[in-house]
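Here is a short briefing on a structure, with a loop residue and helix packing as its topics. Have a look, and then we can go through it together.

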Amino acid sequence: PRALKSRFSLKLSYQYYQPQELAVIAKASAQRIGMEISDEAAEFLGLNGGGEPRKINQIIQTAKSLRKTIDINTAKEVMEVVDIFPKGLSRLQVQIMLFLINQPRMTGGLTTIAGALGEDKKDIQTDYEMYLVRERFIMIASGGRQLTDKGVAYVQELGRLGYLNNA
């Protein structure tokens with residue numbers, strides 16, 4: 001994606017949406033395509049949308065191909081299908097945290113992380129780590145990116161829930 005992004009001079013940034021706002025978006029998105037969504041499922045998606053309406057819309061669109069209504073179980077199933085982890089994290093965001101948890105002092109430089117994961121360091125910096133920092137899963141320290149206690153707890157919870165079997 002770096003080659004494509006570099007062709008555009010306009011760089012946009014936006015604020016992440018709050019879970020309540022994402023729940024409203026989930027309901028509107030489902031209604032727009034003629035689907036029903038339970039309040040519980042909309043709230044769940046709001047909490048797990050990672051602050052991004054496009055993730056909510058992706059889940060709703062995918063659900064349409066599986067069911068006529070979206071309940072909490074459908075919401076969870078579709079999140080797994082589209083590869084979105086709890087709290088709206090992408091697979092690469094989880095892989096960043098898994099890399100860090102296995103490093104001395106749970107710290108790694110951006111170049112090291114990018115090399116280990118086979119990703120461009122600018123993509124990691126602009127597309128993935130911003131949400132991890134905002135949610136306090138990682139922090140940017142003098143020695144590089146460091147996994148926080150909250151990040152450790154999140155990774156451990158993913159392990160307990162079985163999400164890390166093929167992450």
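Asn48 is buried, at a relative accessible area of 9% (buried means under 20%, exposed over 50% and partly exposed in between, with a 1.4 Å probe and protein chains only). This is a predicted model: local features need pLDDT of at least 70, side-chain atom pairs count only at pLDDT 80 or more, and totals for chains, interfaces and linings use all residues. Residues are numbered from 1 along each chain as its sequence is written, and side-chain values use heavy atoms, leaving out hydrogens and water.

**Around Asn48**
- You will find Asn48 in the loop between H3 and helix H4 (53–64); helices are DSSP runs (H or I, at least four residues) numbered from the N terminus.
- Its side chain reaches the backbone nitrogen of Lys87 at 2.6 Å.
- Beyond neighbours within four places in sequence, Asn48 is in contact (heavy atoms within 4.5 Å) with Met79, Ile84, Phe85, Pro86, Lys87 and Gly88.

**H3 against H5**
- Helix H3 (residues 39–47) packs on helix H5 (residues 72–81) at an angle of about 30 degrees, the axes being 8 Å apart; axes are lines fitted to C-alpha atoms over the stretch in contact, and angles run from 0 to 180 degrees between N-to-C directions.
- H3 brings Glu40, Ala41, Phe44 and Leu45 to the contact, while H5 brings Ile72, Ala75, Lys76 and Met79.

**Leu100**
- Apart from neighbours within four places in sequence, Leu100 is in contact with Met106, Thr107, Gly108, Ile113, Ile138, Arg145, Gln146 and Leu147.

How values were computed: Helices (H or I, at least four residues) and strands (E, at least two) are DSSP runs, numbered from the N terminus. A polar contact is a pair of N or O atoms within 3.5 Å; within protein, one must be able to donate a hydrogen and the other to accept it, and residues adjacent in sequence count only if both atoms are side-chain atoms.
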